[in-house]
Amino acid sequence: MWTLLWGDTTNQVSGQWNHEEHEGSEKALAAAKTKIGMGLIAHSIHSPSGIAWMSADELKGLADKADAKATG
């Protein structure tokens, strides 16, 4: 399972993130984009072996590109 770590500014300060499991990387990425769209923070996505696949900056960058395509 792919794990999305997400939360809000309280989670960011405490370092205690919510965990959400997904069956694939695309589903985890779609969930991260949804969280960002809701004003939340997508902290990272980890592979089934626990290795960080995407960081918060990378996830935010992808969400920003998707928004630019949708509005442009």
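**Helix α2: length and faces**

In this predicted model, helix α2 comprises the 13 residues 25-37.

The buried residues of α2 are Ser25, Ala28, Leu29, Ala31, Ala32, Lys35 and Ile36. They lie on the same side of α2, because the arc they cover around the axis is only 160°. The face turned away from this buried side carries the exposed residues Glu26, Lys27 and Gly37.

Just after α2, glycine 39 adopts a positive phi of about 85°.

Lysine 35, one of the buried residues of α2, places its charged end over the ring of tryptophan 6, at 4.2 Å from the ring centre.

**The aromatic pair**

The structure contains 1 aromatic pair. Its members are tryptophan 2 and tryptophan 53, whose ring centres are 5.3 Å apart; the planes meet at 70°, over the 60 degrees required, and the pair is therefore edge-to-face. The pair links distant parts of the chain, with tryptophan 2 in strand β1 and tryptophan 53 in strand β4, 51 residues apart.

The two residues have these accessibilities: tryptophan 2 has a relative accessible area of 17% and is buried, whereas tryptophan 53, with 38%, is partly exposed.

Methods. Residues are numbered from 1 along each chain as its sequence is written. This is a predicted model: local features need pLDDT of at least 70, side-chain atom pairs count only at pLDDT 80 or more; totals for chains, interfaces and linings use all residues. Side-chain values use heavy atoms; hydrogens and water are left out. Helices (H or I, at least four residues) and strands (E, at least two) are DSSP runs, numbered from the N terminus. The expected span of a helix is 1.5 Å times one less than its number of residues. Buried means under 20% relative accessible area, exposed over 50%, partly exposed in between (1.4 Å probe, protein chains only). The arc is that of the directions from the helix axis to the C-beta atoms. Rings of Phe, Tyr and Trp (its six-membered ring) pair if their centres lie within 6.5 Å; planes under 30 degrees apart count as stacked, over 60 as edge-to-face and the rest as tilted. A charge sits over a ring if NZ of Lys or CZ of Arg is within 6 Å of the ring centre and within 35 degrees of the ring normal.
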